[in-house]
Amino acid sequence: MDIRIKELFERYQAGKATAEEKKLVEEWFARFDNQQHEILNENKKAEFFDQIDQHIHSSFPVYEKKYWLASPWLQVAAVLLIGLGIFLFKTFRSQDSAIKPVTYTLISAPAGMKKQFTLPDGSSVYLNSDSRVSVPSDFGVKNRRILLSGEAFFVVTHNASKPFSIESGKLVIADIGTSFNVKAYPDESQIKVAVESGEVCIEKTDAGNKLKTIARSLVHNQQLTYNNQSQEHMLNYVQASDISSWKQNKLRFDNASFSDIARTLERWYNVKLVLKNDNPHLRHYTVSFNNEPVDKVLYVLERLSGMNYRINNKNIVVNLNNCKKQ
């Protein structure tokens, strides 16, 4: 066996081999894998080494000075060297694959805007204003988990072998073939999940970082509301299409306080809104608007509640001193 094999392996393991040399070594690895059970048989040993020698001569230019391993024991040692190289190659290759870091692609809809996009598996995502989704680089390898901050509507392509789930705060929302809305803004005390079609399962992370099922089967027009402070939840029936009507630029408030209204207006119109004389005993409001400008929305709220407001570019001051109480 040509001594240049050893030199080639040394260059390969040191990362100095050329692309052609790397290819040659890896072909040898594959060849050894396929025949290593045969060389244990004494009758096959000579044939195997003859094949290796012929492969060397066909792969390298011929030099006048040659070195041969005449002893069968040296031939066995050479095979063991090749076997060790195979083991190290496969080990390092598998470790490189295992420790490859997971990176995230951030997709966001700034305040005042909305966005729709399709994930690699064909699932559709609609992002509401001031919302973002993080998609890991290993999405679709073993599962399809993404991270959500804000509000989004999902139309999921179902695949039972690679479950789709959304992680938001302490909740993990798992799809069972469905379309649903998740509202989980970090500055709000509640996370809301409303199912428009199909079925979802909802789990929460406990103190030991383990998942506990809190709703095994949430179906059409059911909504789960989770309180981040009390860590309690409740189920109720809603008109899910109304919950997700923001996709059609319909602004809807459902029994909303002025604090809720202010936060939504800031996201929806990309404005800064300051409340004066806010009071927890003020009346809540259920009202909807169809793609109206912010001044029209404020005018209607003024007529309903008795508040007054002042607009200065993107800064709005709302005085609640004369608002109706509950």
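Start by colouring the chain by pLDDT, the predictor's confidence in each residue, from 0 to 100. The average over the chain is 82, and 70% of the residues score at least 70. Select residues 36-42: here the pLDDT is below 50, and beyond near neighbours in sequence the stretch has five contacts in the model, a contact being heavy atoms within 4.5 Å. Then select residues 76-80, where pLDDT also stays under 50. For residues 76-80 the model has eight contacts beyond four places in sequence.

This is a predicted model, in which local features need pLDDT of at least 70 and side-chain atom pairs count only at pLDDT 80 or more, while totals for chains, interfaces and linings use all residues. Residues are numbered from 1 along each chain as its sequence is written, and side-chain values use heavy atoms, with hydrogens and water left out.

**Whole chain**

Switch to a cartoon view. The chain has seven helices and 18 strands; these are DSSP runs numbered from the N terminus, helices being H or I of at least four residues and strands E of at least two. Of the 326 residues in the chain, 38% are buried. Buried means under 20% relative accessible area, exposed over 50%, and partly exposed in between, with a 1.4 Å probe and protein chains only. Among contacts between residues at least 6 apart in sequence, 50% join residues at least 24 apart.

The chain exposes about 18,800 Å², and carbon and sulfur atoms supply 50% of it; accessible areas come from the Shrake-Rupley method with a 1.4 Å probe, and for residues only the protein chains shown count as cover.

**Surface patch**

Select Val102, Tyr104 and Leu147, which make a nonpolar surface patch of about 260 Å². Patches are made of residues with over 30% relative accessible area and no salt bridge; like charges are joined within 9 Å, and nonpolar side chains (Val, Leu, Ile, Met, Phe, Trp, Tyr) within 5 Å. Leu147 belongs to strand β5, residues 144-155, and is partly exposed at a relative accessible area of 31%.

**Gln231**

Move to the loop between β12 (222-227) and β13 (233-237), where Gln231 is found. Gln231 counts as partly exposed, with 37% relative accessibility. Show its surroundings: leaving aside neighbours within four places in sequence, Gln231 is in contact with Lys170, Lys204 and Tyr226. Draw a C-alpha to C-alpha distance from Gln231 to Lys170; the two are 9.0 Å apart in space and 61 residues apart in sequence.

**Helix α6**

Select residues 258-269, helix α6. This helix has twelve residues and reaches 16 Å from its first C-alpha to its last, close to the 16 Å expected at 1.5 Å a residue; the expected span is 1.5 Å times one less than the number of residues. Buried residues of α6 include Phe258, Ile261, Leu265 and Trp268. The buried residues of α6 pack against β14 (250-256), β15 (272-276), β16 (285-290) and α7 (294-305). Just after α6, select Asn270, which takes a positive phi of about 55 degrees.

**Salt bridges**

The structure holds eight salt bridges, each a side-chain nitrogen of Lys or Arg within 4 Å of a carboxyl oxygen of Asp or Glu.

Which side chain meets that of Arg267 in a salt bridge? The partner is Asp187, at 2.8 Å, N to O. Arg267 lies in helix α6 and Asp187 in the loop between β8 (179-184) and β9 (190-197), so the pair ties together parts that are 80 residues apart in sequence. Arg267 is buried at 6% relative accessibility, whereas Asp187 is partly exposed at 48%.

Next, select Glu188 and Arg263, whose salt bridge has its closest N and O atoms 3.7 Å apart. This pair links distant parts of the chain, with Glu188 in the loop between β8 and β9 and Arg263 in helix α6, 75 residues apart. Glu188 counts as buried at 14% relative accessibility, and Arg263 as partly exposed at 23%.

Asp260 and Arg263 are three residues apart in helix α6 and so separated by about one helical turn. Asp260 is partly exposed, with a relative accessible area of 29%.

To finish, show Asp187, Glu188, Asp260, Arg263 and Arg267 together: they are linked in a network of salt bridges.
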